[in-house]
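Hi everyone, thanks for making the time.

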Amino acid sequence: MFRRIKGNARGCLMFEPLFVIPFNMYATYASVYMLELGLSETQIGLVTSISLVVQIFSSFISGYLTDRMGRRPALLVFDIMSWGIPVFIWAVAQNFWYFLVAAIINGFQKVPNTAWYCLLVEDTDPKDRSFVFTVLQLIGVLAGFFAPLGGLLVRHYTLIPAMRIMYVITGISMITMFLGRNKATHETEIGIRKRQESQQAGLKKGLAEYGYAIRLMLSNRPLMLIFGVYILNNFQMTMRGTYLSIYLVDALKLNDALISVFPAVSSVAMLILMFLVVPRFNAERYERYMMLGFSISIVANIVLILAPVGNILVVIISTILAAAGAIIANPYLEAAVANAIDDENRAKIFSILTVFILVCISPAGVIGGWTYTIDPRVPFILVTLAFIAGMALMAAFVKQQRSYKDV
């Protein structure tokens, strides 16, 4: 696969496992780790929401900093800051305040996200970009198979010591990745030009261009509808990602060493569908597949809500259905959003979309924590409602698109 990928894309992807593998090991237990250290469900939600608020700010300034500093310097500096420092704070965390400080620093991750995306695609031939993202998705799915290693550590050392070990391993792995990737990549041609231009243009001019992009975006009804679907999808992912592990351990009474198995189950299901089913789909019928994926996701959440206490089989069924729904719907949703944005204003509108997403999902943590204290099933009822609302907006989007074609 890597023979076909050249330049910066190759440099970025070859080091990606050093990030996603340790991330998958600890991510399953992150919320439970906070719970074990004495944080309440509401405090966990507050930490998540504060991190998202900081991400809103860093999303807004990410384009300016990436242009001003250059892709590689912005990526290296802010990756070390937003990931290298927080993982070691998490490793020694004792109470709510440790997690709050780490969340604030980690919230600046949107700056390296923007810089990394630019570095990945700018010098890549447009016809090869879909293959690059396919390989990226495959790396992410395969990394899920390493999640059970976290479970083995938890079983051997118990949760808190195992998490501290995983965070230290993650920190060392990530810093190795940041330095290695920086050495394996070069500044893009666009990055060099933008850095020169940004030294001449002020922040005021940049903000004026954002204002024009916002007006252009708000006047495009189909674009706003598909953005609505995208925002709802991000809302449900945040809600589910924050409270799923807690729900499995706290409400369904599953052994905390077992829950790392579910990401691996999800990866197997995604891998099978990715190779055997998804290639048979006709991309022109993307709206049907999105509706199918959302429908399967709704069923997955209903199964989870109705799961009997201690029943691992039902949770596995829900996990497989959720994986199927995601792998069917998400790629087509990403494509629909990308196709709805015109090339001339793509960078500005996408950065604004990122801010909109974060504004809308930042309350998800607090809402989830509050509703979880009422009934642990309520956050997943909200996830189900988000899918239903997304299907309604998708239907409106398709109708609007057809009316445009008729005109």
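Let's start with Tyr-167, which at 2% relative accessibility counts as buried. Buried here means under 20% relative accessible area, exposed means over 50%, and partly exposed lies in between, with a 1.4 Å probe and protein chains only.

Before I go on, a word on the ground rules. This is a predicted model, where local features need pLDDT of at least 70, side-chain atom pairs count only at pLDDT 80 or more, and totals for chains, interfaces and linings use all residues. Residues are numbered from 1 along each chain as its sequence is written, and side-chain values use heavy atoms, with hydrogens and water left out.

Back to Tyr-167, then. Which ring does Tyr-167 pair with? Its partner is Tyr-26, and Tyr-26 is buried too, with a relative accessible area of 4%. The two rings form a tilted aromatic pair, at 4.8 Å centre to centre and 50 degrees between the planes. Tyr-26 sits in helix 2 and Tyr-167 in helix 10, so this pair ties together parts that are 141 residues apart in sequence. As for the terms, rings of Phe, Tyr and Trp (its six-membered ring) pair if their centres lie within 6.5 Å; planes under 30 degrees apart are stacked, over 60 edge-to-face, and the rest tilted. Helices are DSSP runs of H or I with at least four residues, strands are runs of E with at least two, and both are numbered from the N terminus.

Stay in helix 10 for a moment and find Thr-170. Thr-170 is buried, at 1% relative accessibility. Setting aside neighbours within four places in sequence, Thr-170 is in contact with Pro-22, Tyr-26 and Val-87, where contact means heavy atoms within 4.5 Å.

Now for the aromatics as a group. A search of the whole structure finds 14 aromatic pairs. One of them joins Phe-19 and Phe-23, which are stacked at 6.0 Å centre to centre with 20 degrees between the planes. These two residues are four apart in helix 2 (residues 17–27), which puts about one helical turn between them. Phe-19 is buried at 15% relative accessible area, while Phe-23 is partly exposed at 30%. And there is a cluster to look at: Phe-19, Phe-23, Tyr-26, Tyr-33, Trp-83, Trp-90, Phe-99 and Tyr-167 form one aromatic cluster.

Phe-99 takes us to the core. In soluble globular proteins, nonpolar side chains tend to be buried together. A nonpolar core here is a set of buried Ala, Val, Leu, Ile, Met, Phe, Trp, Tyr and Cys residues joined through side-chain atoms within 4.5 Å. The largest one has 121 residues, and Phe-99, Met-166 and Ile-226 touch the most other members. Helix 13 (residues 221–251) gives the largest share of this core, with 14 residues. Leaving out neighbours within four places in sequence, the contacts of Phe-99 are Tyr-33, Met-34, Leu-37, Leu-39, Val-47, Trp-90 and Ala-93.

On to charges. How many salt bridges does the structure hold? There are three, each being a side-chain nitrogen of Lys or Arg within 4 Å of a carboxyl oxygen of Asp or Glu. Asp-79 pairs with Arg-181, with the closest N and O atoms 2.4 Å apart. Asp-79 lies in helix 5 (residues 71–91) and Arg-181 in helix 10 (residues 159–184), so the pair ties together parts that are 102 residues apart in sequence. Both of these residues are buried. Asp-67 and Arg-71 meet at 2.7 Å, N to O; Asp-67 is partly exposed at 22%, whereas Arg-71 is buried at 3%. Finally, Arg-377 and Asp-375 meet at 2.9 Å, N to O, with Arg-377 partly exposed at 40% and Asp-375 partly exposed at 22%.

Let me zoom out to finish. The chain has 19 helices and zero strands. Of its 407 residues, 52% count as buried. Along its principal axes, the C-alpha trace spans about 60 × 50 × 40 Å. Among contacts with a separation of 6 or more, residues 24 or more positions apart account for 86%.

That's my tour; happy to take questions.
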